Amino acid sequence: MPDTTAHDVKEPQVNSLAQRLVLIADDDPDFLFQHSTVFKSLGFEVVEAASRAEAIEQLDRHAPTLAVVDLMMEESDSGFALCHEIKKRYPATPIIVVTSASALTGYDFESLRGDQRTWIQADAVLAKPIRFDQLAGQVSRLFDR
Amino acid sequence: METLRVLVADDEQGMRLGVRRVLRDLRIEVPDIDAIAELEIDEADCGESALEKIARHTPDILILDHKMPGISGLDVLDRINGKYGDMLTIMITAYASIETAVRAVKRGAYDFLAKPFTPDELRNTVKKAAVRIVLAKQARRLADERNKVRLQFMRTLSHELQAPLNAIDGYLDLIKNRTQGTTLDAYNEVVDRSQDRIAGMRRLIHDLLQMTTMESKSRNRELARVDVTKVARDTIEMFQHQADGLGLSIHLHREGPLVMNAVEDELQIILQNLISNAVKYNRSGGQVHVNLDRNGTTISLGVSDTGWGLPPTALDRLCDEFVRIKTPHNRDVPGTGLGLSIVKKIARLYSGDILIDSEWEVGSKFTVLLKDNQPEPCPDAQPAPAPCLAARA
């Protein structure tokens, strides 16, 4: 069966606010709520997922124009796997990876160079806590350039 | 098996060979830690060569002759001057001169042997040094291990303490940026959620204090006769309201007293944690069963639920600190991940343990076993046999 939805989003319709759909995958209900609120206030439609499995289900139903992915969900590498899956299905969909992992826990994303960042398949990496301004800034960087 | 390196520094070849022969096949048993040490022997024929070998590859034990041409044994000791932390030196003094021995010990030698000495004297002196070294190595390994565990704990703890702060920070940011408009009422949910996280942080701090209290308790706790049935009844009452709200029924399967030697607060903490879990992780309309029993000197406190159970892979680490098993059913259940580790620490204070029996999608049973160090002559019959009979009737 041809995957027409996937085809549609190869070039996200960045100029039409109504068509912006963000998939937010985070197992922390607080962050899910907060990011969802922020994106709604930025004019996005929001689809929420609390695990990688739920996010994959949502990917079957929706073709997101943007994905916000928490790195550690049900497993510590769930976010990596999800990023990979999103890019496989929708190569043009930008991904913002959010993480509370810091240098202390052994993951130091701040120090990653450009080529290493492509390995996580993310267009932006933000460390929690994430401010409204940061998300809004990333969105305008990714869509309004 | 531990291999210790021995360097024999003596200008007489006969002496070096003799020492080597006596020590070659020596197996040293280290009491207390059940370890065995073997020796690997190297030689140096003068003080200079000894110093060079020590600098290159420091031995565990140095057997050092005092009287050598060139630099003497005492000079070697001076130059070593505590530089090689764990190396122990056994000084061989030539004329049974007590002065040299005393000077050697003052300059950092661990022990001395006076010529002429018997093979047994040599063996015993080396054994003593070897045992000391093996024990010191073991102590250092344990300290390293403790540091590692502590570091891991602090990392997890700081993560757990930061999580609610980050969440509240995020909610305040939503308000600050007026993400829901300018009417205050629109933010009620945001405020409620922030307060939930504050309550969670309070629980975490409470549990942390409780846990460290249990860890620091000495053996001299003041035990008294405590009726476990009464503690259970009071604890159930505490949770009755919450259970009613979820349509749960809690059943206590014991009527008569069950008396043991214990600290009442500790029994309360065990039962509060187990019953709280059984209520929180149940399904609406479910049941909680509390079973109290005695088998000889062992008291068992069992709490079972009709919840969703746990995946079998989770059981091993369930009592570790900060472990919370995430399943689709318990996503919104608040908890600190410390309750069961506290229960386990208390059980240990009673030479006891916690047994977990869980079936995925069916329910879980947690049983805490405690040793009663002063059981009544007639179990449960106290003070007169009458209530004992009544309870069984």
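A: Let us begin with a unit of the fold: β4(B), helix α3 (residues 73–80) of chain B and β5(B) make a right-handed β-α-β unit, where right-handed means that, with the strands pointing away from the viewer, the path from the first strand over the helix to the second runs clockwise. Helices (H or I, at least four residues) and strands (E, at least two) are DSSP runs, numbered from the N terminus. The model is a predicted one, in which local features need pLDDT of at least 70 and side-chain atom pairs count only at pLDDT 80 or more, while totals for chains, interfaces and linings use all residues. Residues are numbered from 1 along each chain as its sequence is written, and chains are lettered from A and ligands numbered from 1 in the order in which they are written.

Q: With which strands does β4(B) pair, and in which sense?
A: Two strands pair if DSSP finds at least two bridges between them. Strand β1 (residues 2–9) of chain B pairs with β4(B) in the parallel sense over four bridges, and L7(B) has L62(B) as its bridge partner. Strand β5 (residues 88–93) of chain B also pairs with β4(B) in the parallel sense, over five bridges, and here L64(B) has M91(B) as its partner.

Q: Which way do the residues of β4(B) point, and are they buried or exposed?
A: In a regular strand the side chains alternate between the two faces of the sheet. In this case I61(B), I63(B) and D65(B) point one way, L62(B) and L64(B) point the other way, and all are buried. A residue is buried if 20 or more other C-beta atoms, placed from the backbone, lie within 10 Å of its own, exposed if 12 or fewer, and partly exposed in between.

Q: Why does L23(B) count as buried?
A: L23(B), which lies in helix α1 (residues 13–24) of chain B, counts as buried because it has 23 C-beta neighbours inside 10 Å. Leaving aside neighbours within four places in sequence, L23(B) is in contact with V6(B), L39(B), I41(B) and V126(B), a contact being two C-beta atoms, placed from the backbone, within 7 Å.

Q: How many residues does each chain bring to the contact between chains A and B?
A: Chain A brings 18 residues and chain B brings 17 residues. On the side of chain A that touches chain B, the largest share, eight residues, comes from helix α2 (residues 29–41) of chain A.
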